[in-house]
Amino acid sequence: MVTGELATFLSGQIDIHIGTRDASLRPHSARVSAVSVEDDREHVVAFVPALGADAILRDLDANGQAALFVGRPPDNLAYQLKGSFTGARPASGDEREYIEQFWDSFLEAMAVIGFDRSTFRHWPVWPCVAVRIRVTAVFCQTPGPGTGAPVA
Amino acid sequence: MSVPLETLTSSFQGLIPAVLATCSLDGVPNVTLLSHVEYVDPRHVALSFQFFNKSRRNIAENPQALVKIIDPDTRQGWALDLRFVRSETSGPVFERMALRIEAVASYSGLKGIFRLRAADIYEVLAVEPIAEEPATVDTARPTPHASGDPVFTMRALQDLSARIHRALTLESLLDSILIGLEEYFGFTHSMILLAGEEEGALVTMSTRGYPEGGVGSEARYGQGIAGMVAEARKPIRISGLMRAMLYALAVHRSAQEQGYRPERQIPLPGLSNPDSQLGVPLLVRGEVIGVLCIESETPYRFHEEDKQTIELLGSYLAIAIQNMQLLERSDTHEPIAEAPAPTTQDPAVAAKPMIAGRREVTMYGDEECILVDGEYLIRSLPARILWKLLSARCREGRNEFTNRELRLDKSLNLPEYKDNLETRLLLLRRRLEQKCPDIRIVPRGRGRFALQLDCDVELRERA
């Protein structure tokens, strides 16, 4: 489901948000510090700062429906990944460096469009919850007439 | 609502992208970025609807939405729980949002594609701070307004007013306004465009802070921020212009892939990388006499109070400019006791060097345009005036002229009503200062001027 091109795109310098919903279809979202693609190219792991993860974890436990927005700030190239929740765990200490480097690459991308690296540096990145999602569909989210089209 | 919405106005500038989360009726969530969230009133916001997308379809099925915005001054994130109320395709909220988007579209050649389809109005059910997106603790780097220092103090307004009152000519008035905006308010890059000879056109009359000057450049109504302001007769403020342009560029690419053929892009005026722009119409009794534009490389330079104060200032400046135009038309040949206004740029910057003390001035009759030594100088009425002056000097040896004789000269084809002759003469003076300072028009008193040459001039006429 995650093509090689998309996997490369997901390797850094991107803005990521996870969307969920509760039983009354009320949406929730949380900022994601980093994402990784598993070798099977069907599962991704979204690292969500623990401080903002409560609402989405409740939703995911209850119904499993997840959406991920991934967008590259300098050129606005973006995708929407839909999927189902397969589990969550605290991110391990071994993963911390990867997460912090990933977040740093996002700050770098924001600097390209005029946001000083200090703009978002004070936002907590760690500790994180690792949210595992099986990707079931991918859509183009780049702004323009073609937005929303399925990506093969 | 835990936090009053009206305290978050800085967060609605679109400087940092907002996040919109929605959900379809069959329970599939969707999360995306949003170009524009607009404050409507203490209980409502409006979201921009530009493209038919999943979020819009979700809202049609399920009116619940969550928007997250970030205060550009403090970097605090805010979560707004929303319920969709209605879509508006006209009215003040729609027009306010559309103007900003269309101004960006006009820079990108995307008019008609990059546009606001509707302003979607939402009731705000709750506003909560986002715990994982706290305000900055970096107090060593306050943003200009986070410091709490107001830009528009009564003292600064009084100083600007006093400077404007000292101006005795249109030229010194325009320069005084821009110098005052820099000295008293810190706006280092500004320009005034006045109504051009042709309907629906503006001509840059005075600039400050731009090495290239730019006097004489034209903007059509609807083009760029100045043209949009004139067309809409409303102020436009754009924060985070760089991000908006990148967003428009993504749309541009996407549109081309979909087979659209966007219009030719037009260059941004002024700064090469402006990140904030503010344009206010100069209106007198509903008539647009010009536009004042201020730019900055700071992403969030113009706050809501700046926009309101400059808009108010704009009406005062408009009356001052029109009064001066009327005074200069009065044809009383009084000497003018003030020193020439300081030019807003170094004349040597753009001037082409003269060859062996000689200038070749060519009038292209069909296009009514004058080239000096092969370089464009000016067109239309100012070109006809310069040609008349230079011809009279060569033929009759005259150096002194009056505005009145120009008004009576049928060959110049001045409009009977509101000929704006003085404004056109000022434009001609400024262009000569920039492009060939050895040909000068020097005021001798109100309604009189002299043509001074420090070079030989060869006149040529071409079709």
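**Notebook: chains A and B of a predicted model**

I started with a strand pair in chain B and found that B:Ile439 has B:Leu453 in β19(B) as its bridge partner. I took helices (H or I, at least four residues) and strands (E, at least two) as DSSP runs, numbered from the N terminus. The model is predicted, so I kept to its limits: local features need pLDDT of at least 70, side-chain atom pairs count only at pLDDT 80 or more, and totals for chains, interfaces and linings use all residues. Residues are numbered from 1 along each chain as its sequence is written, and chains are lettered from A and ligands numbered from 1 in the order in which they are written.

**Entry 1: the strands at the end of chain B**

I looked up the rest of the pairing. β18 (residues 439-445) and β19 (residues 448-453) of chain B run antiparallel and are joined by six bridges. Two strands pair if DSSP finds at least two bridges between them. I noted one more bridge, in which B:Pro443 is partnered by B:Phe449 of β19(B). The two strands form a hairpin with two residues between them. In the turn, B:Gly447 has a positive phi of about 85°.

I then asked which strands make up the sheet and in what order. Three strands form an open sheet in chain B, in the order β17-β19-β18, and the pairing is antiparallel. β17 (400-402) and β18 of chain B are at the edges with a single partner strand each, so one side of each has no neighbour in the sheet. From one strand to the next the twist averages 30°. For reference, strands of a sheet pair through backbone hydrogen bonds, either parallel or antiparallel.

**Entry 2: helix α8 of chain B**

I checked the span of α8(B), residues 380-396. The helix has 17 residues and reaches 24 Å from its first C-alpha to its last, close to the 24 Å expected at 1.5 Å a residue. The expected span is 1.5 Å times one less than the number of residues. After α8(B) comes B:Gly397, with a positive phi near 75°.

I listed its buried residues: B:Leu381, B:Pro382, B:Ala383, B:Arg384, B:Ile385, B:Leu386, B:Trp387, B:Leu389 and B:Leu390. A residue is buried if 20 or more other C-beta atoms lie within 10 Å of its own, exposed if 12 or fewer, and partly exposed in between, with C-beta atoms placed from the backbone.

How do α8(B) and α10(B) cross, and at what angle? The axes of α8(B) and α10 (residues 421-435) of chain B come within 9 Å and cross at roughly 75°. That makes α8(B) roughly perpendicular to α10(B). Axes are lines fitted to C-alpha atoms, for helices over the stretch in contact, and angles run from 0 to 180 degrees between N-to-C directions. Angles under 35 degrees count as roughly parallel, over 145 as roughly antiparallel, 65 to 115 as roughly perpendicular and the rest as oblique.

I wrote down the residues that meet: B:Leu381, B:Pro382, B:Ile385 and B:Leu386 on α8(B), with B:Arg424, B:Leu425, B:Leu427 and B:Leu428 on α10(B). Two residues are in contact if their C-beta atoms, placed from the backbone, lie within 7 Å. By class, this contact has seven nonpolar, no polar and one charged residues. Ala, Val, Leu, Ile, Met, Phe, Trp, Tyr, Cys and Pro count as nonpolar, Asp, Glu, Lys and Arg as charged, and the others, Gly among them, as polar.

Chain B has ten helices and 20 strands. Of its 463 residues, 47% are buried. Among its contacts between residues at least 6 apart in sequence, 68% join residues at least 24 apart.

The contact between the chains takes 42 residues from chain B and 41 residues from chain A. On the chain B side, β1 (18-23), β2 (29-34), β5 (64-70) and α6 (241-257) each supply at least two residues. α6(B) gives the most, with nine residues. The chain B side divides into 22 nonpolar, ten polar and ten charged residues.

**Entry 3: single residues**

I looked up B:His303, which is in the loop between β13 (287-296) and α7 (304-329) of chain B. B:His303 counts as buried because it has 22 C-beta neighbours inside 10 Å.

In chain A, the peptide bond from A:Trp126 to A:Pro127 is cis, with omega near 0°. A:Pro127 lies in the loop between α4 (118-121) and β7 (128-140) of chain A.
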